[in-house]
Amino acid sequence: MTVRNTGTTTTSIDEIFINNVPSTQWKDAAQIQNEELPITINPGENQDITLLLSRGQQLGTTTLNAGVSIEVKLHTTGGREYPKLTNLP
């Protein structure tokens, strides 16, 4: 996913949730590729974040398979949350 900071101050993503499960509890089901939290984004900048999801793994009550809908939610150090619903390919 590509995230853009449209604000006027630097922000940091301090947690990523998939179906309300925080990244600290993903275990083998998912991982953030080439990034560590927090991810800092300056005003006007884009940041690519790649989530690797393991097909067939359980994440909360969801089994990660093609066609399944998941909600990815970004949480910032400022306390804001940005959810996005998507279907797995």
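**Contacts, core and backbone of an all-strand chain**

Leaving out residues up to four places away in sequence, T77 touches S12 and D14, where touching, or contact, means heavy atoms within 4.5 Å. The model behind this is a predicted one, in which local features need pLDDT of at least 70, side-chain atom pairs count only at pLDDT 80 or more, and totals for chains, interfaces and linings use all residues. Residues are numbered from 1 along each chain as its sequence is written, and side-chain values use heavy atoms, with hydrogens and water left out.

T77 itself is found in the loop between β10 and β11 (81–87). Strands here are DSSP runs of E with at least two residues, helices are runs of H or I with at least four, and both are numbered from the N terminus. With a relative accessible area of 55%, T77 counts as exposed; the cut-offs are under 20% for buried, over 50% for exposed and partly exposed in between, using a 1.4 Å probe and protein chains only. The C-alpha atom of T77 sits 9.7 Å from that of T40, although the two residues are 37 apart along the chain.

S12, one of the residues touched by T77, lies in strand β2. Is S12 buried or exposed? At a relative accessible area of 13%, S12 is buried. Setting aside neighbours within four places in sequence, its contacts are P38, I39, T40, H75, T76 and T77. With T40 there is also a polar contact, side chain to side chain, at 3.1 Å. Such a contact is a pair of N or O atoms within 3.5 Å; within protein, one must be able to donate a hydrogen and the other to accept it, and residues adjacent in sequence count only if both atoms are side-chain atoms. Further along the chain, E81 is 69 residues from S12 in sequence, with 11 Å between their C-alpha atoms.

Stepping back to the whole chain, the count is zero helices and eleven strands, which read along the sequence as β-β-β-β-β-β-β-β-β-β-β. The radius of gyration is 13 Å, close to the 12 Å that the globule rule gives for 89 residues, so the chain is as compact as a globular protein of that length. That radius is taken over C-alpha atoms, and the rule is 2.2 Å times the number of residues to the power 0.38. Along the principal axes, the C-alpha atoms fill a box of roughly 40 × 20 × 20 Å. Buried residues make up 34% of the 89 in the chain. Among contacts between residues at least 6 apart in sequence, 53% join residues at least 24 apart.

What about the inside? The largest nonpolar core has 19 residues, and I13, I16, I18, W26, I49, L51 and L59 touch the most other members. A core of this kind is a set of buried Ala, Val, Leu, Ile, Met, Phe, Trp, Tyr and Cys residues joined through side-chain atoms within 4.5 Å. At least two residues of this core come from each of β2 (11–18), β4 (30–33), β5 (39–41) and β10 (69–76). Beyond its neighbours within four places in sequence, L51 is in contact with M1, I16, I18, W26, Q31, I32 and V72.

Another buried residue is Q47, at 18% relative accessibility, in strand β6 (residues 46–48). Not counting residues up to four places away in sequence, Q47 touches M1, T2, V3, E35, I39, T40 and I41. The side chains of Q47 and E35 are joined by a polar contact of 3.0 Å. Elsewhere, K73 lies over the face of F17, at 5.3 Å from the ring centre; for such a placement, NZ of Lys or CZ of Arg must be within 6 Å of the ring centre and within 35 degrees of the ring normal.

Most residues other than glycine have a negative phi, and most peptide bonds are trans. Yet L37 and P38 are joined by a cis peptide bond, with omega about 0 degrees, and P38 is found in the loop between β4 and β5. N34 lies in the loop between β4 and β5, is exposed at a relative accessible area of 72%, and has a positive phi near 60 degrees. K27, not a glycine either, has a positive phi of about 50 degrees. K27 lies in the loop between β3 (21–22) and β4 and counts as exposed at 73% relative accessibility.
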